Amino acid sequence: MTDAKAALRGDTDKPRFDRRLLPPMLLGSVLNPINSTVIAVALVPIGRALGAPASQTAWLVSALYLATSLGQPVVGRLIDLFGPRRLFLLSTGLVGVAGVVGALAPNLGVLIAARVLLGFGTCAGYPAAMALVRSEAERTGRDSPGGVLTALAVANQTIAVVGPLLGGLLIAAGGWRATFALNVPLAVAAVLLGMLRLPKSSGSAGSPGRGRLTAQLDLPGMGLFAAMLVSLLLFLMNLHLRDWYLLAISAAAGAAFAVRELRAKTPFIDLRVLGGNTPLLATYGRALVAYVVAYAFLYGFTQWTEEGFGLTPFHAGLAQIPMFLLAIGVSILSGRRSGSVRGKLLLGAVGQIVACLVILTLTGNSPLWMLLVVALIFGVPQGLNNLALQNSVYFQADPERTASSAGLLRTFAYIGSMVASSATAASFGQHADTGGLHQLAWVMLGAGVLYLLLTLFDRTLGRTGATDARATT
């Protein structure tokens, strides 16, 4: 008994997570989702103001995720090497610049450029947060970051609740330009918090000379990765046989990237380690298809509620609140309880499938409560999938590459968002009508079934679930 008390006392005597880090971590990680959700209710007003159809305003979604898909793993690798502080400050400062450009944009082209800047500017927040969680676990000797990881997931869910409603309020008060101007005060707050709270660590690379710096960055590898990803995403944005050359460029760049990374001494993405990490690869695959469903619902369903059902942007934002409120509750409940990651993912997959089937029954004359039912059903997978995928990456990734692995998770999620954006544009065309919504729902249903199968046949999830259970106790 005495030994047990001593052991317990020894555990409580260990240093705890530095909670001063939480404000910049949480604010930095939500800059991307707040811009994702705010724009969802602004697409229709922007299209009306600038004379652009839904197929063109979809680029406002795609541009941000194209930039972020490319930037997340690059910035994540830089964070692994040099620590989170410098990258966090530079990126969040760029968010403020993007907010000014978007608020003053004279046309759709400049507005798309502002979204690209936002994509690059929001790259550092999430990888920096994951790197700080890892470094604090090593400093304190407490390999139990479940509470902090849950806080990150809940913060993102909370912002998702606020985003559509805030977007509707901003549009009602100051027009759609206010949704871009919002980024200026957010960026100022993030930079100040980063300067005051983030540690001045140099990362694993220390302060190398110029030659060593170039070698550790693996600039050729980054360039080939960029060529592969950009050409692939441009193809996904507007699926058509006439653009086959983009797919060919992506394949050629991918082959060259693989050759380069297998030969490099310090590769940008260590394909040997990644290729041998089957659980992590499976998690990335699940993230891609899960976010096809999630983002198709966020953007496609929201546009339909405005154009096909007749809600105002403000009320369209309100219609999303049940989903995000339930998602917050599900994230908190599942984050506090130890349990199988596999079970959480399976329940999330079933929830997506059921929601897609209900969407197929909707028409422009459906009662409003049916829209709220769909939103509530989607709240279950929204809360389970985000947390389970995030925790999976934390425990499956190489500790030396936590930030870049977290960045790759977001990259695969954003590739899923690109597929969703392309499917939404193809389904709706010039107008978000009910027929287009049903066509989009079939795409979502196919992705949901694939997600379920990827989870059912992944035997490695049992081991991840055991690790996750220990982390949440």
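Ser 427 sits in helix α19, which spans residues 402–428. The model is predicted. Ser 427 is buried, at a relative accessible area of 10%. Helix α7 (residues 125–140) packs against α19. The structure also holds 1 salt bridge.

**Helix α19 and its partner α7**

- Beyond residues up to four places away in sequence, Ser 427 touches Gly 436, Gln 439 and Leu 440.
- The angle between α7 and α19 is about 140°, and their axes lie 8 Å apart.
- The two helices are therefore oblique to each other, since only angles over 145 degrees count as roughly antiparallel.
- The crossing of α7 past α19 is right-handed.
- On the α7 side, the contact uses Tyr 126, Pro 127, Met 130, Ala 131 and Arg 134.
- On the α19 side, Thr 402, Ala 403, Ala 406, Gly 407, Leu 409 and Arg 410 take part.
- By class, the contact of α7 with α19 has 7 nonpolar, 2 polar and 2 charged residues.

**Helices α5 and α6**

- Helix α5 covers residues 84–104 and helix α6 covers residues 108–121.
- Their packing angle is about 165°, with 8 Å between the axes.
- An angle over 145 degrees counts as roughly antiparallel, so α5 and α6 are roughly antiparallel to each other.
- Helix α5 makes a left-handed crossing with α6.
- From α5, the contact draws on Ser 91, Thr 92, Leu 94, Val 95, Ala 98, Val 101 and Gly 102.
- From α6, the contact draws on Val 110, Leu 111, Ala 114, Leu 117, Leu 118, Phe 120 and Gly 121.
- The contact of α5 with α6 comprises 10 nonpolar and 4 polar residues, with no charged ones.

**The salt bridge**

- Arg 286 and Asp 458 pair through their side chains in a salt bridge, at 2.8 Å from N to O.
- Arg 286 belongs to helix α15 (residues 278–307), while Asp 458 is in the loop between α20 (434–456) and α21 (461–471).
- The pair therefore ties together parts that are 172 residues apart in sequence.
- Arg 286 is buried, with a relative accessible area of 1%.
- Asp 458 is buried too, with a relative accessible area of 7%.

**Phe 225 in helix α12**

- Helix α12 runs over residues 219–237 and contains Phe 225.
- Phe 225 is buried, with a relative accessible area of 5%.
- Phe 225 and Val 74 are 151 residues apart along the chain, yet their C-alpha atoms are separated by 9.4 Å.

**Leu 182 in a loop**

- Leu 182 occupies the loop between α9 (178–181) and α10 (183–197).
- At a relative accessible area of 18%, Leu 182 is buried, because the cut-off is under 20%.
- Not counting residues up to four places away in sequence, Leu 182 touches Ile 34, Val 38, Leu 166 and Leu 170.
- The C-alpha atoms of Leu 182 and Gly 167 are separated by 9.6 Å, with the two residues 15 apart along the chain.

- Helix α3 (residues 43–50) has Leu 43, Val 44, Pro 45, Ile 46 and Gly 47 buried.

Technical notes: Residues numbered from 1 in each chain as written. Predicted model: local features only at pLDDT ≥ 70, side-chain atom pairs only at ≥ 80, totals over all residues. Heavy atoms only, no water. Axes fitted to C-alpha atoms, helices over the stretch in contact; angles between N-to-C directions. Helix = DSSP H or I, 4+ residues; strand = E, 2+ residues; numbered from the N terminus. Parallel < 35°, antiparallel > 145°, perpendicular 65-115°, else oblique. Left-handed = near helix turned anticlockwise from the far one by under 90°. Contact = heavy atoms within 4.5 Å. Nonpolar A, V, L, I, M, F, W, Y, C, P; charged D, E, K, R; others polar. Buried < 20%, exposed > 50% of the residue type's maximum accessible area, 1.4 Å probe, protein only. Salt bridge = Lys/Arg side-chain N within 4 Å of Asp/Glu carboxyl O.
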